[in-house]
Amino acid sequence: MMDESIKQVKDKGESSEEATGNDITAVEPNAHNQENLSTIANRQASMTMGEFNDNNHVTAGETPSPKANHMKKISVLPLVFLIFYEVSGGPFGIEDTVHAAGPLLALLGFLVFPVLWSIPEALITAEMGTMFPENSGYVVWVSSALGPYWGFQQGWMKWLGGVIDNALYPVLFLDYLKSGIPALGGGLPRVIATWGLTIVLTYMNYRGLTIVGFFAVFLGVFSLIPFVVMGFIAIPNLKPKRWSVINKNDVDWNLYLNTLFWNLNYWDSISTLAGEVDNPKKTLPKALFCAMILVVLGYLFPLLIGTGAVPLNRELWTDGYFSDIAMIVGGAWLRWWLQAAAAMSNMGSFVAEMSSDSFQLLGMAERGMLPEFFSKRSRHGTPLVGILFSAFGVILLSWLSFQEIVAAENFLYCLGMILEFLAFILMRIKHPNLSRPYKIPCGTAGAIVMCIPPTVLICIVLALSSLKIMVISLIAVAIGLLMQPCLKYVEKRRWITFSHSTQLPAFNHEERNHSPVD
């Protein structure tokens, strides 16, 4: 069997040499040891996903996730709404920007912040995600540029941040319902409702990602329509002068920036589903562009209506205030509709986030970073163990307050983004000729400049973090720093089974002979 594989590699290398005119030396099965034979087999797996082109580099083709054919691939429309729910889910939760800084800064924030942060992050996701279209997403980006150790740290921080973020949605879900059902405000009924919601939504992820995708489309439309209706009803009451209200001496910058950051980040999360996307080279950039427009409009329009149609009282602008505005503008029927939309929106965000988190764990297991049982798929093709771990984390963290969840998630997310920016720049410097199905139209210098504004924002968000959040987050980071060598020791002692999928190309820092960027 091994001899046949060697022969196939040799024949493939010779045919590639004839096609391109480059010097590609076929590997001969002679006086080399078993390690070289393993290298040949791995090189064959890498070559099946790409081809040597005229510049003598490997074209990183679409890298299907192992067993991915168990599920129907995601098309553009469901992907747009999955991104929408990864990032936004609608304007529910943006009220604190008005509470913290007033209408003018709130509106400017959702105009300027996407330019400084969201667009660069989405562009980097489009370029790196199409280079490495597999479920480990940003983990393989960082691993290829900085090595598997830092790739694991990226995966740990991003997964933990995602689980913390997901713990927020049951909280918001119940916060929007408690005005109509006061019993959900606390105590045992709230605990039971939180656990029940988590179980139901976890089951949806278990049943299959395609169901989740089209469910997200339905939720997105349902969640945004009441704001369109409210906008038309509110037109006679709009007073544009209310949009310009500002008090520079009364701004809670920590709350303001954290709320903006939380509502406009996570564009990279969709990369962990790249292995499940239909033709990611074309689908992913297109979906990111459409989702960007949807997210920004989904924030600005409700803010314009809410701040322009109702007299300003900043103290009232907290979570759930849009339902009160709906009551003022349209009456009880509109309020109930908007509350239902808010509840459904938080469900959609939960489902999309859990999909991303669980597929990330599956992708890391396929890379040999986590035990093999994390790569186990259900009969629906979904990552069973990853879903269970993510759901367990959500239940453990659901007791935290809204502000604590946002601050902790933002801190970990910022640290992960620093590694992503470094990986993006280093891949441009070290491997400028590596095939990029989508490439940001700028050189290396332009790539560095593009990363400067979001990096400055990251430093500001980290500097404004409270001591409590900083200590908790750094402890979480320290756990990851120790966990990776511990897992390697366990693997070395063979206490738990680890495996590396032969369908995935090796990291650049692994065996040089079978690297996708050799």
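Buried means under 20% relative accessible area, exposed means over 50%, and partly exposed is in between, with a 1.4 Å probe and protein chains only. With that in hand, let's work through some exercises.

This is a predicted model, in which local features need pLDDT of at least 70 and side-chain atom pairs count only at pLDDT 80 or more, while totals for chains, interfaces and linings use all residues. Residues are numbered from 1 along each chain as its sequence is written, and side-chain values use heavy atoms, leaving out hydrogens and water.

**Exercise 1. Classify arginine 494 as buried or exposed, and describe its backbone.**

Step 1: find the residue. Arginine 494 sits in the segment after α18 (467–493); helices here are DSSP runs of H or I with at least four residues, strands are E runs of at least two, and both are numbered from the N terminus.

Step 2: apply the cut-off. Arginine 494 has 73% relative accessibility, so it counts as exposed.

Step 3: check the backbone. Arginine 494 has a positive phi of about 60 degrees, although it is not a glycine.

**Exercise 2. Describe the protein chain as a whole.**

Step 1: count the elements. The protein chain has 18 helices and 0 strands.

Step 2: look at burial. Of its 518 residues, 58% are buried.

Step 3: look at contacts, meaning heavy atoms within 4.5 Å. Among contacts with a separation of 6 or more, 83% are between residues 24 or more positions apart.

**Exercise 3. Work out which residues touch the most other members of the largest nonpolar core.**

Step 1: A nonpolar core is a set of buried Ala, Val, Leu, Ile, Met, Phe, Trp, Tyr and Cys residues joined through side-chain atoms within 4.5 Å.

Step 2: name the residues. The largest core has 143 residues, and Ile83, Trp117, Met230, Trp267 and Phe424 touch the most other members. Helix α16 (residues 402–430) gives the largest share of this core, 15 residues.

Step 3: zoom in on one of them. Beyond its neighbours within four places in sequence, tryptophan 117 contacts residues including Phe261, Leu264, Tyr413, Met417 and Phe421.

**Exercise 4. Trace the surroundings of aspartate 268.**

Step 1: Aspartate 268 lies in the loop between α11 (253–264) and α12 (280–309).

Step 2: judge its burial. Its relative accessible area is 0%, so aspartate 268 is buried.

Step 3: find its polar partner. The side chains of aspartate 268 and lysine 158 are joined by a polar contact of 2.5 Å. A polar contact is a pair of N or O atoms within 3.5 Å; within protein, one must be able to donate a hydrogen and the other to accept it, and residues adjacent in sequence count only if both atoms are side-chain atoms.

**Exercise 5. Check the length of helix α15, then find what its buried residues pack against.**

Step 1: set the rule. The expected span is 1.5 Å times one less than the number of residues.

Step 2: compare. The 14 residues of α15 (residues 384–397) should span 20 Å, and the end C-alpha atoms are 20 Å apart, so the two agree.

Step 3: list the buried residues. In α15 these are Val385, Gly386, Ile387, Ser390, Ala391, Gly393 and Val394.

Step 4: find the partners. The buried residues of α15 pack against α7 (148–166), α9 (187–207) and α14 (332–366).

Step 5: Asparagine 166 is found in helix α7, and Val394 is among its contacts beyond four places in sequence. Its relative accessible area is 1%, so asparagine 166 is buried. A polar atom of its side chain lies 3.3 Å from the backbone oxygen of phenylalanine 350.
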